[in-house]
Every structure is written in C-alpha cells, then in structure tokens.
Amino acid sequence: MKLHSFFRSSAAYRVRIALAVKGLAYETVAHHLRKEEQRRPEYRALNPQALVPTLEDGGHVLTQSLAIIEYLEEAYPETPRLLPADPAGRAVVRAMSQAIACDIHPLNNLRVLAYMKSAMGQSQEATDVWYRHWIGEGFAALEELAKRNSRGSSHCFGDAVTMADACLVPQMYNARRFQTDLAPYPTLVAISDSLERLPPFAAASPEGQPDAE
Ligand SMILES: N[C@@H](CCC(=O)N[C@@H](CS)C(=O)NCC(=O)O)C(=O)O
C-alpha cells in the first residue's frame, strides 16, 4: 500500500490513524503542499482533485479520506473496526466524522486560505480569525455530540476507537496550531488528549512522519 500524504495534512493524518489502528503497513509518498507538489501533473493523474491523501492498494487508486477509511474497513474486515456494529451507531460515528471532514475542514483548507489572501485581499490576521471561527462553530456542536455519545471521555463514541476519533485528533492538532481557544470544549480536549497517548495515534502524528519538518 502507498499513502500519498503530507505530514501536516489533517485529511492524510485521518487515514494514517486508520491504517495504524488497523495495523496495515504502507509506504509514504510525500507531497509538499506549500511547494504545490500536489499540483504536479503526475499526481493529478492519480488524484484529479490535486489533494492529499490518495491511497494506492492492489491496483486501486482511492481518494477522499473518509471514503478511504470506509474502504479499509470493508477490504480488511479482520482488522480492528472503526465503525460500530449497529446501523444507528455507524450513522452517529459517520455524522461526527462528517461534521469535521465536510463542515469544518473544507472551509479552512490551504487552497481556501490562499484564495482568501490572494484573490480576496484578506490579511493573515483576518484569515486566522476565519479559521478559528469555523473550528469554534464545528467544535461547539461536536462537544454536545461527544457528551451524548462518549463513554468516559476517552473516545468520541462509546469506549472504542472509531472513525470519529481519527477525525477529531487531526482537527484538534489544527485548532492548536492556529491558537484556537479550546476552553469551551473540555470534552473534546479530554478525548483528544487521551487518544493522542495511544500508540497508533502517536505513530500517525505529523511529527512522526518521514517528511516532518
Ligand atoms: N475532503 C478531502 C480533503 C482533502 C484536502 O483538502 N487535503 C488538503 C490537505 S489537508 C490538501 O491536499 N490541500 C492542498 C491544497 O489546498 O492545495 C479529504 O477528506 O480527503
């Protein structure tokens, strides 16, 4: 398996967590996003969106982090599960994952921030305010969902690692990187702190990647 990644990409970080939890070995192919290596024609041929991650597995070329995680779940059913067994539980975990991957993250992606600065003439300060605003909106709702669904404040849902946890930790990393005030989200902070101590999450961290700076 090959994972096209960038150490600081939170979408790639989600997939790295899923691979590590499942114990699946892979090779990292790094694309430096600030150097726009993801826009090279060779990479676009693999992923027409020119975004990381992309997973290559046995002739399959897969894009979109949540789709990749669901693929791993189905293609490697003997590995630890990241979705609960019951349909309602699966729907809740998918909803929490999507609250991050579909509602927070796309508003704060590198290309969105770059567009705000270059085409819309916004300052770095204004884009930082924007960044923190959308994390705050999303985390406020997730805090409530986590309070309802976590058992013991160590996982987003129940008491086992799920796809929602693989989404929360990278988003928390971004929130901290942009100095977001996390005081209103004590449940999310407690869950993320506890998850970050687990070996698969530590192995997937940006600092542990071969392309880390
Ligand atoms: N929805 C996609 C988002 C992927 C994405 O936005 N990746 C970012 C890094 S976190 C990227 O490649 N950005 C490059 C760019 O904005 O040019 C997923 O979940 O995989």
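Mentor: Glu 36 lies in the loop between β2 (27-30) and α2. Keep in mind that the whole model is predicted. The phi of Glu 36 is near 60 degrees, which is a positive value in a residue other than glycine. For comparison, most residues other than glycine have a negative phi, and most peptide bonds are trans.

The peptide bond running from Val 52 to Pro 53 is cis, and its omega is near 10 degrees. You'll find Pro 53 in the loop between α2 (41-46) and β3 (54-57).

Val 52 also takes us to the ligand. Among the 16 residues that surround the ligand, the closest are Gln 38, Val 52, Gln 64, Ser 65 and Asn 109. Sorted by class, this shell has 6 nonpolar, 7 polar and 3 charged residues.

Now zoom in on the oxygen atoms of the ligand. Gln 38 has a polar side-chain atom 2.8 Å from an oxygen atom of the ligand. With Ser 65, a polar side-chain atom lies 2.6 Å from a ligand oxygen atom. Arg 111 comes in through its backbone: a polar backbone atom there is 3.0 Å from an oxygen atom of the ligand. As for cover, the ligand taken alone exposes 510 Å², and the protein buries 92% of that.

Where does the ligand sit? You'll find it in the largest pocket. Two elements, α1 (10-22) and α5 (110-118), are the ones that give two or more residues to the shell around the ligand. Of the elements, α1 gives the most to that shell, with 3 residues.

A search of the whole structure finds 5 aromatic pairs. One of them joins Tyr 13 and Tyr 173: the ring centres are 6.0 Å apart and the planes sit at 85 degrees, so the pair is edge-to-face. The pair links distant parts of the chain, with Tyr 13 in helix α1 and Tyr 173 in helix α7 (residues 163-177), 160 residues apart.

Note on methods:
Residues are numbered from 1 along each chain as its sequence is written. This is a predicted model: local features need pLDDT of at least 70, side-chain atom pairs count only at pLDDT 80 or more; totals for chains, interfaces and linings use all residues. Side-chain values use heavy atoms; hydrogens and water are left out. A residue is near a molecule or strand if one of its heavy atoms lies within 4 Å of it. A polar contact is a pair of N or O atoms within 3.5 Å; within protein, one must be able to donate a hydrogen and the other to accept it, and residues adjacent in sequence count only if both atoms are side-chain atoms. Accessible areas come from the Shrake-Rupley method with a 1.4 Å probe; for residues, only the protein chains shown count as cover. On a 1 Å grid over the protein atoms alone, a cavity is a set of points where a 1.4 Å probe fits but cannot get out, and a pocket is an open set with protein on both sides within 12 Å along at least five of seven lines; lining residues have an atom within 4 Å of a point. A molecule sits in a cavity or pocket if more than half of its atoms lie within 2 Å of its grid points. Helices (H or I, at least four residues) and strands (E, at least two) are DSSP runs, numbered from the N terminus. Ala, Val, Leu, Ile, Met, Phe, Trp, Tyr, Cys and Pro count as nonpolar, Asp, Glu, Lys and Arg as charged, and the others, Gly among them, as polar. Rings of Phe, Tyr and Trp (its six-membered ring) pair if their centres lie within 6.5 Å; planes under 30 degrees apart count as stacked, over 60 as edge-to-face and the rest as tilted.
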